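Please look over the sequence and the model shown below before reading on. The report that follows describes how the parts of the fold are arranged.

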Amino acid sequence: MTTRIAFIGGGHMATSLVGGLLARGANAGTITVADPVAEQRERLHRDFGVHVVDHGVAAVHEADVVVLAVKPQQMAEACRSLAPALAVQRPLVISIAAGIRLGDLSRWLGPDVPLVRTMPNRPALIGAGITALYAGHEVGAAARTAADAIMGACGPTVWVPEEWQMDVVTAVSGSGPAYFFLLIEAIEQAATELGLDPATARKLSVETAHGAGRMAASAFDSPAELREQVTSRGGTTAAALEVLEAGGLRAILADAIAAAARRSGELARDYGTA
Ligand SMILES: NC(=O)c1ccc[n+]([C@@H]2O[C@H](COP(=O)([O-])OP(=O)(O)OC[C@H]3O[C@@H](n4cnc5c(N)ncnc54)[C@H](OP(=O)(O)O)[C@@H]3O)[C@@H](O)[C@H]2O)c1
């Protein structure tokens, strides 16, 4: 059976997921995206050939799976407007929103709607994402497998056993691409300041990040072992790493990731109690 998927919200993340699904062979005719913004709808239809509608209710009435892809602050209103239609249709509902708890989603959507909470990330657009998923005990194996298959179209998946861990996931992989973009940006800037032309600096920093990421993902050795293998005593890499360690890079990253996890918890309090 073909799974019919409705996206509620057609912004950045829905675009990434739709792109990933189509790249893995999904049929555009099985995907409907609801978004109130005409420009978003035109772009999604033009780029992907998916159905587009201006309101969620029109998207969910034939859906097997509904992906909630609006901002956390828009979630209560979006869910409440869908609740009557979902009570009839009973599709699997997948939320990708940062922070919003399953308990709040269930309160807004109505009882007995099978719910899975997920945290994808932006590289889903090119099939290089990673998604963490969480569901309560009441969600059965078939629903878990369906959620895994959809989110897995855009990269590997991991399941976490406790819902609070989604705040940590959000801080690590949800927000994480931005940390690596910042690193690439900073390395590129340093390279131009030391005399390379901007295009060469960009290429060297981007390709180095790409190569290091691929090696870390595929190698049997841990990242620490890989780092040691490229660091000879008294050499150039050692000189750079000494500066990074002395400057407290590890502590800065730990603080940054803790701040993101805290913010994820705050989003639940700010927008989950509506
Ligand atoms: N961006 C990321 O890297 C990332 C990563 C992981 C998870 N997420 C999660 O993904 C979700 C979406 O983020 P995003 O960056 O894709 O946001 P976005 O670009 O703002 O997209 C959300 C879209 O949904 C529309 N919308 C609002 N209310 C709606 C409704 N009731 N029905 C249908 N569409 C509605 C918005 O329209 P308006 O502009 O008119 O409001 C907007 O076009 C968030 O909850 C976020 O936490 C994002």
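Glu188 counts as buried because its relative accessibility is 15%, where buried means under 20% relative accessible area, exposed means over 50% and partly exposed lies in between, computed with a 1.4 Å probe on protein chains only. This is a predicted model, in which local features need pLDDT of at least 70 and side-chain atom pairs count only at pLDDT 80 or more, while totals for chains, interfaces and linings use all residues. Residues are numbered from 1 along each chain as its sequence is written, and side-chain values use heavy atoms, with hydrogens and water left out.

Glu188 is found in helix 8 (residues 176–193); helices (H or I, at least four residues) and strands (E, at least two) are DSSP runs numbered from the N terminus. Leaving aside neighbours within four places in sequence, Glu188 is in contact with Ala201, Arg202 and Ser205, contact meaning heavy atoms within 4.5 Å. Lys203, which belongs to helix 9 (residues 198–218), is 15 residues from Glu188 in sequence and 8.4 Å from Glu188 in space, C-alpha to C-alpha. Lys203 counts as exposed because its relative accessibility is 58%.

## The sheet and its crossovers

Eight strands form an open sheet in the order 3-2-1-4-5-6-7-8, with mixed pairing; two strands pair if DSSP finds at least two bridges between them. The edge positions are taken by strand 3 (51–53) and strand 8 (157–159), each of which pairs on one side only. On average, neighbouring strands of this sheet are turned by 25 degrees against each other, direction ignored; the axes are lines fitted to C-alpha atoms, for helices over the stretch in contact, and angles run from 0 to 180 degrees between N-to-C directions. Helix 1 (residues 12–23) lies across strand 1 and strand 2 (31–34) and runs at about 160 degrees to strand 1.

| Strand pair | Sense | Bridges |
|---|---|---|
| Strand 4 and strand 5 | parallel | four bridges |
| Strand 5 and strand 6 | parallel | three bridges |
| Strand 6 and strand 7 | antiparallel | three bridges |
| Strand 7 and strand 8 | parallel | three bridges |

Individual residues can be followed across these pairs. Val66 has Val93 in strand 5 as its bridge partner, and the bridge partner of Ser95 is Arg117 in strand 6. Thr118 stands opposite Leu133 in strand 7, while Ala132 stands opposite Val158 in strand 8.

Strand 4, helix 4 and strand 5 make a right-handed β-α-β unit, right-handed meaning that, with the strands pointing away from the viewer, the path from the first strand over the helix to the second runs clockwise. A right-handed β-α-β unit is also made by strand 7, helix 6 (residues 141–151) and strand 8.

Which residues of strand 5 point one way, and which the other? Leu92 and Ile94 point one way and Val93 and Ser95 the other, and all are buried. In strand 7 both faces are covered, with Thr131 and Leu133 buried on one side and Ala132 and Tyr134 buried on the other.

## Nonpolar cores

In soluble globular proteins, nonpolar side chains tend to be buried together. A nonpolar core is here a set of buried Ala, Val, Leu, Ile, Met, Phe, Trp, Tyr and Cys residues joined through side-chain atoms within 4.5 Å. The largest such core has 33 residues, of which Ile8, Val66, Leu68, Met75, Val93, Leu105 and Leu109 touch the most other members. Among the elements that give two or more residues to this core are strand 1 (5–8), strand 4 (65–68), helix 5 (102–109) and helix 7 (165–174), and the largest share, six residues, comes from helix 4. Not counting residues up to four places away in sequence, Val66 touches Ala6, Ile8, Val60, Leu86, Pro91, Leu92, Val93 and Ile94. A second, separate core of 30 residues includes Leu17, Leu92, Ala124 and Val139.

## Two loop residues with positive phi

Arg90 lies in the loop between helix 4 and strand 5 (92–95), and its phi is near 50 degrees, a positive value in a residue other than glycine. Arg90 is partly exposed because its relative accessible area is 43%. Asp112, in the loop between helix 5 and strand 6, has a phi near 70 degrees, again a positive value in a residue other than glycine. Asp112 counts as exposed because its relative accessibility is 59%.
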